[in-house]
There are 2 protein chains.
Amino acid sequence: MATRPAAALLAIGDELVLGEKLDTNSQWLADRLGLAGLRVLEHRTVPDDREVIASAMVRLLGDAHVLIVGGGLGPTADDLTREGLSDALATLTGEVHPLIEDDSALRDIQAFFEKIGRSMNDANRTQAMRPRGAAAIPNDHGTAPGLLARFEIDGSPRLIACLPGPPREMRPMFERDISPILEGLPGVQAADLRVSQVFGLGESELATRIADLMHRENNPAVGTTASSGMVTCRVRVEPTRPVAGPYESREPQAAVEEALAKIDSVADGYVVSRRQETLAGTLLREAEAAGLSLATAESCTGGLIGQLITAEAGSSAAYAGGWVTYSNGMKSRELGVSEADLLSHGAVSGQVAMAMASGARQRSGADIALSVTGIAGPGGGTSEKPVGTVWIGVASPGSPVSARGFRFMGDRSSIRLWSANTALFIGLLAVRSRLEVGLLREMFSVSE
Amino acid sequence: MATRPAAALLAIGDELVLGEKLDTNSQWLADRLGLAGLRVLEHRTVPDDREVIASAMVRLLGDAHVLIVGGGLGPTADDLTREGLSDALATLTGEVHPLIEDDSALRDIQAFFEKIGRSMNDANRTQAMRPRGAAAIPNDHGTAPGLLARFEIDGSPRLIACLPGPPREMRPMFERDISPILEGLPGVQAADLRVSQVFGLGESELATRIADLMHRENNPAVGTTASSGMVTCRVRVEPTRPVAGPYESREPQAAVEEALAKIDSVADGYVVSRRQETLAGTLLREAEAAGLSLATAESCTGGLIGQLITAEAGSSAAYAGGWVTYSNGMKSRELGVSEADLLSHGAVSGQVAMAMASGARQRSGADIALSVTGIAGPGGGTSEKPVGTVWIGVASPGSPVSARGFRFMGDRSSIRLWSANTALFIGLLAVRSRLEVGLLREMFSVSE
């Protein structure tokens, strides 16, 4: 097979180097470059310093064919990516590439300011500058045009694309203007990505069960990432490359289906979705398809489950609403939890979780109600009910109201996220009429 | 003044280079290194490749005195930071540094497995290996010991610290074992950080008003970061360096106080807090101090405000709970919003926001109730009420129930976050008895 072209990433900005701002562009770009079929070699982050920027560009293009640069295209004196690119091109090509004003970019910037009803100042005018021989890339979401330079080093083609720093400007520019160019590069083997999302099995447990699918040289190759109980299996295949690994005799697409089927079989009832969507997104989609509506009653998660559900566009189709019954008074007055249950079992108990779910289902009129009550910490734990003790209740049409106890690890934020995700997963099992005790018993460290 | 020692960061891991995982360590470490008084030159991210790791270490130590490395210390064959360090030390010092087993690290790993009730396997044993001449750093939160190597290049001291990748292991190890060493390096000028958090003024507006404080060469120097309406002004001072900038005649600490006072004066009633805390954290702290309790009634934010409040430990001291009245039925049944108001003004209106706040205050028994109803999009907008139209209501002891309309920009997630933060800020104004119409009128694009 031909060598895939290599890519590197360069993020520019004092605020990134000093840790004042988190760089999320590099992860996003690396993922896209991989899917586009390039090998990503390295990410680098350097300050707003003309010499450092130019030198990093030159060095990274020693190994990489493609360099994607982010940031430093703003209008202020600190924004030096244009100058750095000009210097780097001079070193790399042996010819000067002075900055010149791009007429079309200038008109775009003027039009942008007209659209938002403000006047353009001289600082913004510098954003229309580009090194001679490079092209300006129009920016539909901001004032900073991107820059694209293509040239050769010893007959081997090279590409530098400089994109604006804000993700909502960078991402559409990459998709529209850079991606198609990358896909046309010689040796590029674009990849397809399929996912299978699994909840309730540990990532290492799942990885052990599918270890033979996970070698990096496989085609398709499976990788896993985990976040608060949700494990995303990413099945990446290069359709134009022969299958390598356990399904060697198959066509690439058939091998992908076999890999997905293997994940289904080892993860059994724990598969959430074959789509790249959130747990709440899957729950809403399946609830709406089944004609079922949802309600929530939250104590220790304090609105987090409602928040995750309503973060999905169109959630009103299946979600009626909920209660944040943080105090005991709210639990009894609003959801009808009995004082006797609160006194004899405590607010963190299966009885109270069940009463909350019943009350929420009855009062909201929703088909399925989920409830959570627990100790998220750092205070409030006892030897009998340590921090991380969480009860999740569910009231649904098909089965009697029930609750299960969990012991989640980590800090307050982790415990709340695991609690919310587990409640959403239990909601999904209720929608699927799969609230079997056996399935839940295998999840994490479920207590009886 | 002596030159501050320079530092670089190296993150190791295929999952980082490929964009499967977001690197948050580099930002955290860069921030800490800056506060410890080092100049951060560069961040790099490289794959799990022995040769690449060693070569990156050698190159980064060409300019940097201190190199902090994260990741690649796990037990699998992919974890090659130990080997990379061994090779890099050989190149840098001209002497071999073969890997040897560290007895104390081995005992720690064995003890860790005993504590969690599992048995140690051979793979974990490799985690006790360290290059000869380097030290193993105990890890109280996982199995991977850190590594610390100190040596000289042409008489100039150098330090490489390799830390485990998981933040909950890396951070305490850095704080306990690396920070004190850095503070003792010659030429290090530790910095103090003070903050002033401001809500309701745009970052660029605020930056314009304090432009003279923001030059990077100043001491103290002020930087700003913004997140969903909250602008954090960071006042960084090196106490051992003379004051530079507008307060040149003052002592460093006095200059810091002047800078903070200047921010107070330009931001006036919009200052949230002088602490590094969230908006919800400030609200809870001030409400508790004033003996006031809080409740929430959320429509378009769907639980986000409750979530932000209850993310704070100890929030039950001031937060009673709330409602997620996503459907109109929930609004009228649970909070007593009249059908007439819903019909004549619509769910997204000042009248409904006020009725929600009144209902929530009355039913919860809390002193202050906040309500939000709006159109977060992407669907549901009209020409009269476009996406981003949000009404926020407040019912509190001192003033009649009121509501104000906002027009927030951005996508669903941005609109929800701005809505939640604005509601929390209005709650704070209510706690401070500063719900003057004038103050709110200046915020963003407030409609009457």
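## Strand pairing between chains

Strand 2 of chain A and strand 2 (residues 39–46) of chain B run antiparallel and are joined by three bridges. Two strands count as paired if DSSP finds at least two bridges between them. Strands (E, at least two residues) and helices (H or I, at least four) are DSSP runs numbered from the N terminus. In this pairing, A:His43 stands opposite B:Thr45.

## Model and numbering

This is a predicted model, in which local features need pLDDT of at least 70 and side-chain atom pairs count only at pLDDT 80 or more, while totals for chains, interfaces and linings use all residues. Residues are numbered from 1 along each chain as its sequence is written, and chains are lettered from A and ligands numbered from 1 in the order in which they are written.

## Contact between chains A and B

Chain A and chain B each give 48 residues to their contact, where two residues touch if their C-beta atoms, placed from the backbone, lie within 7 Å. On the chain A side, elements that give two or more residues include helix 2 (25–36), strand 2 (39–46) and helix 15 (412–431). Strand 14 of chain A gives the most, with seven residues.

By class, the chain A side has 19 nonpolar, 23 polar and six charged residues. Nonpolar means Ala, Val, Leu, Ile, Met, Phe, Trp, Tyr, Cys and Pro; charged means Asp, Glu, Lys and Arg; the others, Gly among them, are polar.

## Domains of chain A

Chain A is assigned domain 1 (6–183), domain 2 (192–273) and domain 3 (279–442), with bounds from an automatic or database domain assignment. The C-alpha centres of domain 2 and domain 3 of chain A are 31 Å apart. Their contact takes eight residues from domain 2 and eleven residues from domain 3. The domain 2 side consists of three nonpolar, five polar and no charged residues.
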